[in-house]
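Thanks for taking a look at this one with me.

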Amino acid sequence: MAHVVEVRGLKKHFEKGDVRAVDGVDIATREGEYLVLLGPSGCGKTTLLRMIAGLEEPTEGEILIGGNVVNGLPPRARGIAMVFQSYALYPHKTVLDNITFPLKATMTDRDARREKASWAADLLGIGEFLDRKPRHLSGGERQRVALARALVRDPSVFLLDEPLSNLDAKLRTSARDELKQFQERLGTTTIYVTHDQVEAMGLGDRIVVILNGKVRQIGAPQEVYSHPADTFVATFIGSPPMNLIDRGDHLLGFRPENCLPIEAMGSNGDNLLEVDVQIHRIEYLSGDRHVYATTSGLGSDDAHLIARIPATVNAAVDEDRAQRFAVHEKDLRFFDGDTGVRTESRPVRS
Amino acid sequence: MTPAHRADEVGTVAPDTVTRVPEPTPRPQLARRRLADREGFLAKLFLLPTVAYIIGLVAFPFVLAIVFSFSDVTTGNPSLDFVGLRQWRTILGSRVFWTAFRNTITFTVISMALIVLIAHVLATVLVKDFKGKWLVRFCVLLPWTTPVALAAVSWLWLLNSIFSPIDWVLRWFGLIEANMYYLGRPVLAMGSVIAVHVWRIVPVATVIIMAGHMAIPGEINDAAEIDGAGFWRKLREITIPLTLPISAVAVLFGAILTFADMTVVFILTRGGPTQATQVLSSWAFFKGIEGGDLAQGAAVALFLFPLLLAAAIAILRAVRRTEVM
């Protein structure tokens, strides 16, 4: 089975400002998967998505959809559907006309169009809004209209460009859940662009981490989280980010939740790396305690680190106090001092 | 205390020292500051020139024109005697008046249709990115920046009955055999007046409509493209509906500029041949100023006012109804 979407050596070079927005990307989606393109603003993820959609022409490289090269084909011929950040609903058209708009190109029978539109609208729970204009809808409802408009085209792939970023924080969580359920029910391959690592971790079957137009890592959320390919991925994913401690030719990394007061670590003390820290500040966030501290024992003097103590751990910690914390050796990661790329384990004890 | 805390304190102290209220100062300085702080007074002060301008150069002549139109004042006999509706009856009974009225409508409607059409086409081109765009933009704006006197000379030459370069080119291509006498034949003269007027107004209309084109979010155009809309369908279902309000504004501006305009007529034809290009505003000028019959000129000019007002209200209403965002 051919990949639904595959890009090979894809590059996009903008003459204006001499920007390499996308710089040699190879990605292949798996059938029915939820692939998330994650990266900071300006990393090229949206440009990559727009090239797959056919809204931008690549400077170099190939785009394949369903096994066929689609370079040069207009968007309408690619069998894709896209949901935009602003939803891009046609403001002068009713919800029904918005949803039927893509069908007019292919489906001539007016009743068939209506039927298909109401099917999509019912699926997304917007059946009662069909006669309204987009400006009378809430953010969440607009998003569903945009999804319905994408859905009626029976695309082989959904392209979603930060569809949650226009929603307020509260709505975003429920909308994220809806998006995931929606895709699971349809089973359509989806490429989703976001700069929010929480969305990426929550939605993606696999995450593609992008920086400066290059893919830094592709993997399942838990893999990207616990085995980051380099220091960028390590610090971009996870909040607070992975602690990185400079040890001359290499960096020592561990996640904040893996660094706990030694009394909370259990009995198998053999595999523990003990860390004497000076605690400066403690934040209480959703029950967890975030401990901001410095340590001199691991590498450079007064290296900053953050420990996250889950609500279930009762160990006492106090501000402005020296205390002993510890990290399991299996939770330690090592990165090259120059390139930031993850390397094999090194001895941590002197 | 952590470094962060200390930094915070410094941050809050510093602006305080800068804006600390100075020791009691001498009176004149305080008084001046109070004057500048009196926004109500300042507002009146700054509005004064505008109000004076409007009263002196718009309201006063307007009222004067109304008064004149009910009198028998002429440049030769400036005494003001009221004659009721006599002037109005005279102009409404005049054949030239109705010709001018018809011409004004023809002139306005055809000009506006052409202006909106051309402006939309130019705007569509100019919002795209292409090499040499600055040059095209510059050329499009050129007619607007050309002084009327200069433009008049060029157009009079282009449309000259004997030396017209347009005729010359057409003859060279073998399309015509004899000169066209653009300004000497009724239909061609009106055509010429419309052409020159369109040439003058298109730049403004283009700029206004271009703003409308650029105000359409890029993602909407992308969405339409993904949804399979071709050029014509996008134009019909997306671009035209979404630029309708701003097109209406352009039409309103253009219509007022066209309806009340006499420059082009005055320069090219002076209303001729045989009143074929006479419009109400030019006729008002010829009657009232050149002919010296101030009362009739005022009546003709005032005849335009309710029409313009009605058009403005109708268009603004339409804009509000079609407001889409």
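1. In this predicted model, helix H4 of chain A passes helix H5 of chain A in a right-handed crossing. H4(A) covers residues 139-151 and H5(A) covers residues 169-186, and the two pack at an angle of about 20° with their axes 11 Å apart. Angles under 35 degrees count as roughly parallel, so that is how H4(A) lies to H5(A).

2. Which residues make this contact? On H4(A) they are A:Gly139, A:Gly140, A:Gln143 and A:Leu147, and on H5(A) they are A:Leu171, A:Ala175 and A:Phe182. Sorted by class, the contact has 4 nonpolar residues, 3 polar ones and no charged ones.

3. Is H4(A) enclosed or open? Because 10 of its 13 residues are buried, H4(A) is largely enclosed by the rest of the structure. Among the buried residues are A:Arg142, A:Arg144 and A:Arg149, along with A:Val145 and A:Leu151. The cover over them includes, in chain A, strands S6 (80-83) and S7 (157-161) and helices H2 (95-104), H3 (110-123) and H5.

4. Finally, please look at where the chains meet. The contact takes 19 residues from chain A and 16 residues from chain B. On the chain A side, S6, H2 and strand S14 (272-285) each supply at least two residues. That side has 12 nonpolar, 4 polar and 3 charged residues.

Conventions:
Residues numbered from 1 in each chain as written. Chains lettered and ligands numbered in written order. Predicted model: local features only at pLDDT ≥ 70, side-chain atom pairs only at ≥ 80, totals over all residues. Axes fitted to C-alpha atoms, helices over the stretch in contact; angles between N-to-C directions. Helix = DSSP H or I, 4+ residues; strand = E, 2+ residues; numbered from the N terminus. Parallel < 35°, antiparallel > 145°, perpendicular 65-115°, else oblique. Left-handed = near helix turned anticlockwise from the far one by under 90°. Contact = placed C-beta atoms within 7 Å. Nonpolar A, V, L, I, M, F, W, Y, C, P; charged D, E, K, R; others polar. Buried ≥ 20, exposed ≤ 12 C-beta atoms within 10 Å, placed from the backbone.
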